[in-house]
Amino acid sequence: TWKATVTIRVHNANEQPLSGVKVYVKWTNGATGTTSCTTNTSGVCSVTKSGLSNSIASVTLTITNATKLSFTYTAGANHDPDGESNGTVIVVSKP
């Protein structure tokens with residue numbers, strides 16, 4: 001089996017990290033379920049889906065929401081610094 005891990009970074013419009021943001025995700029395309037993580041002081045958190053069958057070449061993670069008091073989540077502002085995804089729907093390939 002293998003596991004998919006995605007590191008999520010949350011920042012404000014000025015690219016400053018936001019801590020304490022709860023990020024909700026959904027796994028699909030070979031994985032199932034939902035989970036969440038909360039960003040640390042660097043604005044980072046990670047989610048992992050383990051026990052994936054070796055017959056599955058990739059799985060998909062979709063960010064469904066992000067919440068924090070006095071914070072408005074705008075999905076259209078999501079982005080991926082290395083350009084491998086649109087920042088909302090992320091395909092994770094088996095290593």
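Trainee: Hello! Are Cys37 and Cys45 buried or exposed?
Mentor: Welcome! This is a predicted model, where local features need pLDDT of at least 70 and side-chain atom pairs count only at pLDDT 80 or more, while totals for chains, interfaces and linings use all residues. Residues are numbered from 1 along each chain as its sequence is written, and side-chain values use heavy atoms, leaving out hydrogens and water. On the scale used here (buried is under 20% relative accessible area, exposed over 50%, partly exposed in between, with a 1.4 Å probe and protein chains only), both Cys37 and Cys45 are buried.

Trainee: Which residue is joined to Cys37 by a disulfide?
Mentor: A disulfide is a pair of cysteine sulfur atoms within 2.5 Å, and the count by this rule is 1. Its S to S distance is 2.1 Å, and the partner of Cys37 is Cys45.

Trainee: Let's turn to strand E2. Which residues make up its covered face?
Mentor: Strands here are DSSP runs (E, at least two residues), numbered from the N terminus. E2 spans residues 22–28, and Lys22, Tyr24, Lys26 and Thr28 lie on its uncovered face. The covered face holds Val23, Val25 and Trp27.

Trainee: How many bridges join E2 to E3?
Mentor: Two strands pair if DSSP finds at least two bridges between them. E3 covers residues 34–38 and runs antiparallel to E2. Lys22 stands opposite Thr38, and Tyr24 stands opposite Ser36. The number of bridges is 5.

Trainee: Which residue in the turn of the E2 and E3 hairpin has a positive phi?
Mentor: The two strands of this hairpin have 5 residues between them. In that turn, a phi of about 55° belongs to Asn29.

Trainee: Which strands are the edge strands of the open sheet?
Mentor: The sheet has 4 strands with antiparallel pairing, in the order E3-E2-E5-E6. An edge strand here pairs on one side only, and that describes E3 and E6.

Trainee: And what does the twist average from one strand to the next?
Mentor: Picture an axis for each strand of the open E3-E2-E5-E6 sheet. Axes are lines fitted to C-alpha atoms, and angles run from 0 to 180 degrees between N-to-C directions. From one strand to the next, the average twist is 30°.
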